[in-house]
Amino acid sequence: MSKVNEITVNVDEFLALDKYEIDEENAHIELVEDADAEEFLKLVRVCPAALYKIDEAGVTSFDYAGCLECGTCRIACGGTIVKKWDNPRPTMGVEYRFG
Amino acid sequence: MPETDFDVIVVGSGCAGAVAAYTAATAGKSVLVVERGSCAGAKNMTGGRIYSHALKKVFPDFESEAPLERKITHERIALMDASSQMAIDFTSSELAEEGKDSYAVLRVAFDGWLASKAEDAGAEYIWGIAVEELVKDGSGKVIGVRADDDEITSQVVILAEGANPLLSERCLGNPRPKASQMAVGIKQIFELPESVIEDRFLCPKGEGAAMLFVGDCTHGNVGGGFLYTNRESISLGLVASVSTAADGANPTPVYQMLEDFKSHPAVAPIIKGAKLVEHSGHMVPEGGYDMIPKYVFDGCVIVGETAGLCMNMGYQVRGMDFAVASAQMAAEAVVGAIDAGDVSEEGLKAYRDAMEASFVIKDLSTFRTWPRTMENWSSMFTDYPVMVKEMGNALFSVGGAPQARLVKRMMPIVKKRGLFKLAKEMRGALKSL
């Protein structure tokens with residue numbers, strides 16, 4: 001398996017500065033079950049919000065809350081493990097204050 | 001022509017969408033804009049700087065009313081390895097000349113102003129709802145949009161949905177951009193007092209700098225860092241090609257790259273003491289001419305980033321001027337087609353003709369081979385910054401030992417890389433630039 005270097009930055013702290021209207025009931029991004037590990041690692045590398053995580057034991061996790069709605073994961077893995085990518089439902093999602 | 005709810009529906013209110021709405025509404029058409037953000041710019045992000053020439057054609061007095069952050073009068077390009085930086089700083093009165101000037105902007109304020117211009121011209125707005133589908137008739141002609149289970153009809157739909165082209169793919173059959181054609185952008189905004197920014201960048205009041213960085217900022221991956229001075233903040237970030245950043249050969253996630261970039265000895269002092277206020281992400285179409293999809297359809301035209309209209313030359317990054325210009329050309333063609341009673345692909349072809357005769361398609365076509373040249377020029381991102389560091393050290397460093405002549409200090413640095421190889425790479429790059 002390919003390597004991801006140690007991550008020293010906590011992006012969640014940065015996301016806490018952003019304004020969101022989180023849609024608790026509806027995930028606008030869904031992955032396939034048993035996602036291929038190499039494909040998942042691609043998303044660990046490219047998601048600017050660091051929503052795709054892998055811990056030391058190799059356990060993967062993904063949370064759509066905090067999404068910046070850039071679509072990078074769809075372009076990187078839309079043909080493989082990203083099963084669904086829709087815009088969040090009305091008035092939901094990130095709301096930039098500067099942009 | 002069939003009865004419709006509006007003459008024109010515009011999907012998205014970024015630079016392209018708002019300008020299209022303004023242009024069509026000013027020509028007397030009934031216009032509806034459907035924007036998925038709860039306010040203008042809520043979903044938008046730029047590096048960013050706009051070259052003003054196209055905006056000036058739409059709004060001749062934009063300087064006095066648009067929320068511009070700073071006029072960019074300093075252009076800086078920096079080559080960095082992990083511990084060094086070689087930067088050039090260019091300033092001239094021409095950079096500030098009307099029609100050639102450029103401005104740092106923040107999109108929430110800037111897009112808010114653009115939307116207000118469209119609204120003042122008579123365009124109606126629906127905020128906070130994403131269009132889910134382009135509605136077509138039996139022949140495949142686009143006749144409206146579906147949003148939140150409502151169908152709204154129009155003579156023509158202008159699609160300005162941005163860099164992530166969901167509707168263009170799903171409803172118009174355009175191909176999904178490839179990972180090699182798209183870059184991921186990540187940016188943070190740091191607040192600093194106005195005078196501190198002017199002091200740190202050696203700029204007069206109201207003016208500012210644009211910086212592009214190559215090398216260690218992306219840990220040698222295809223891409224680069226950027227910095228723009230706003231009035232009371234600094235936009236700092238980087239872009240990296242989605243394909244190379246995702247690749248197993250790259251061990252550093254983009255957010256870690258940004259964090260490392262921020263602590264680089266040449267960058268950390270710029271943001272010292274600044275308050276981080278926003279973290280953002282956005283894609284950038286960087287495939288150039290070869291990624292431009294079909295953009296004229298029966299009852300529909302595509303503008304701005306959705307049409308792949310962006311150009312990253314390494315020393316110059318453009319997108320918003322293409323968005324504004326394409327939107328104006330599209331809206332003019334749409335108005336003409338509605339007046340002529342033919343909104344078919346053939347009836348809307350004036351848009352494509354105008355685009356092909358304009359700087360938009362001409363520039364993208366001239367630099368058509370550049371995206372691939374850059375993608376395959378890995379030494380630009382890895383070894384050149386190191387070579388430049390070695391040259392800088394050979395030139396400037398004095399330790400008291402007897403020095404060889406300059407050429408003797410420089411030649412080994414070049415020779416160990418192969419003079420012929422370097423010359424060939426340079427020639428190849430110059431050819432596509």
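B:Cys217 is buried, at a relative accessible area of 1%. The model is a predicted one. The cysteine sulfur closest to that of B:Cys217 belongs to B:Cys310, 19 Å away, which is too far for a bond. A disulfide would need the two sulfur atoms within 2.5 Å. B:Cys203 is also buried, with a relative accessible area of 9%. Across all chains, a search of the whole structure finds 0 disulfides.

Aromatic rings were examined next. Over all chains, the structure holds 13 aromatic pairs. One of them joins B:Tyr22 and B:Phe59. B:Tyr22 counts as buried because its relative accessibility is 18%, under the 20% cut-off. B:Phe59 is buried too, at 3%.

A further pair is formed by B:Phe110 and B:Trp113. Their ring centres are 5.9 Å apart and their planes stand at 40 degrees, so this pair is tilted. Both residues belong to helix 4 (residues 107-120) of chain B. They are 3 residues apart, so about one helical turn separates them. B:Phe110 and B:Trp113 are both buried. Ring pairs link B:Tyr22, B:Phe59, B:Phe110 and B:Trp113 into a cluster.

Terms used
Residues are numbered from 1 along each chain as its sequence is written. Chains are lettered from A and ligands numbered from 1 in the order in which they are written. This is a predicted model: local features need pLDDT of at least 70, side-chain atom pairs count only at pLDDT 80 or more; totals for chains, interfaces and linings use all residues. Side-chain values use heavy atoms; hydrogens and water are left out. Rings of Phe, Tyr and Trp (its six-membered ring) pair if their centres lie within 6.5 Å; planes under 30 degrees apart count as stacked, over 60 as edge-to-face and the rest as tilted. Buried means under 20% relative accessible area, exposed over 50%, partly exposed in between (1.4 Å probe, protein chains only). Helices (H or I, at least four residues) and strands (E, at least two) are DSSP runs, numbered from the N terminus.
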